[in-house]
Amino acid sequence: MAVVIDARSAIRRSPDDKLLRLFPVGLRAELDGFYRRGTCIYEVRLRAEKCASIVCDTGNVALSCVVSRAELAEILTELCEHSLYAHADTICGGYITLDGGVRVGVVGRAAVSGGQVCGVYDISSLCFRLPQRIESVGENLAVMLREKRCGALIYSPPGVGKTTLLRSLVARLADFDSSAGAMRVAVVDTRGELGVYLNSKALCVDVLSGYPRGIGIEIAARSLNAELAVCDELCGKADVDAVIQSRNSGVPVLATAHAQSFEALMRKSDFRRLHEACAFEYYVGIRRLSGRRDFEYDVVSWEEAEGLI
């Protein structure tokens, strides 16, 4: 089934003052102009010796500010509080996470040893992904998850809004003030961005910050007696094993994955294995409607998925 989610109550999110101060003056002025016009900015992208750009409601928009390679290196150093070494592991993984759940993609020239990235230098691009708080997302899905006590896998291409939807679902399901009552939800926040906006005193949420997904899911099932375990961006055998074990222990999992379509999702061996293990009762594909803050999603049950496969 396809359902349109009304997300018009999106709260515009702008970088905080600490982050803005790191940007060149011209870039700050341009961003301020967009926010004053009510534009919702999802990403700010800086590329060496090229025009900066944003991703907003209307798509990709080029700015007039050009950032030098030296400015990029200085911004990254400031983001790491002058300790690149402290962030070396995640930089090698292509990102760093800041306070407030801002994820910064980091691209440069890679030093590789034994097939693994062991260092990144000559920084050429920084992509600031700004978490969005959209309060009206996911009501129908939350009702389904609560009533059926089931797990679901949300999939879409990168940047569509999976993490935003996940946060909203957690807030709805774990709300002590809800007429349906709160569920015990454990959030595995591996990158320090999923737990943003989940610090309300009225939420029955345990946030496992920095835990690898596989380990966090196991703790949610074994130690926290969670009624729902939640994580972002499943990938790899350890994650798959933990989801199957959690489901076999009676704790459903709500997670996300990158895929262009359900067919593309099932072509990945890890997710085919999850399907064969009946790890998720539902698959939820989401799309962002062009030029709007609304989303549309397709919900397919496990039985319906069997027919599609």
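Predicted model: local features only at pLDDT ≥ 70, side-chain atom pairs only at ≥ 80, totals over all residues.
In the model, local features require pLDDT of at least 70 and side-chain atom pairs count only at pLDDT 80 or more, whereas totals for chains, interfaces and linings use all residues. Residues are numbered from 1 along each chain as its sequence is written, and side-chain values use heavy atoms, with hydrogens and water left out.

The largest pocket holds about 500 Å³ of space. On a 1 Å grid over the protein atoms alone, a pocket is an open set of points with protein on both sides within 12 Å along at least five of seven lines, while a cavity is a set of points where a 1.4 Å probe fits but cannot get out; lining residues have an atom within 4 Å of a point. Points are joined across faces, edges and corners, and a volume is the space filled by probe spheres set on them. The pocket is lined by 21 residues, of which L79, H87, T97, L98 and D99 are the closest to its centre. At least two lining residues come from each of α1 (17–20), α3 (69–79), α4 (88–92) and β6 (95–97); helices (H or I, at least four residues) and strands (E, at least two) are DSSP runs numbered from the N terminus. The lining comprises eleven nonpolar, three polar and seven charged residues, where Ala, Val, Leu, Ile, Met, Phe, Trp, Tyr, Cys and Pro count as nonpolar, Asp, Glu, Lys and Arg as charged, and the others, Gly among them, as polar.

Two cavities of 30 Å³ or more are found in the whole structure.

Helices α8 (residues 237–248) and α10 (residues 269–276) have axes that come within 10 Å and cross at roughly 10 degrees. The two helices are therefore roughly parallel (angles under 35 degrees). Axes are lines fitted to C-alpha atoms over the stretch in contact, and angles run from 0 to 180 degrees between N-to-C directions. The contact (heavy atoms within 4.5 Å) involves K237, V240, D241, V243 and I244 of α8 together with D270, R273 and L274 of α10. These residues divide into four nonpolar, no polar and four charged.

In helix α5 (residues 139–148), L141, A142, M144, L145 and R146 are buried (under 20% relative accessible area, with exposed over 50% and partly exposed in between; 1.4 Å probe, protein chains only). Elements covering these residues include β10 (152–156), α6, β14 (253–258), β15 (282–288) and β16 (295–301). R149, in the loop between α5 and β10, has a positive phi of about 50 degrees although it is not a glycine; at 41% relative accessibility, R149 is partly exposed. H82, in the loop between α3 and α4, likewise has a positive phi, near 65 degrees, and at 59% relative accessibility counts as exposed. I41 of strand β3 (residues 41–47) is buried, at 0% relative accessibility.

Notes: Parallel < 35°, antiparallel > 145°, perpendicular 65-115°, else oblique.
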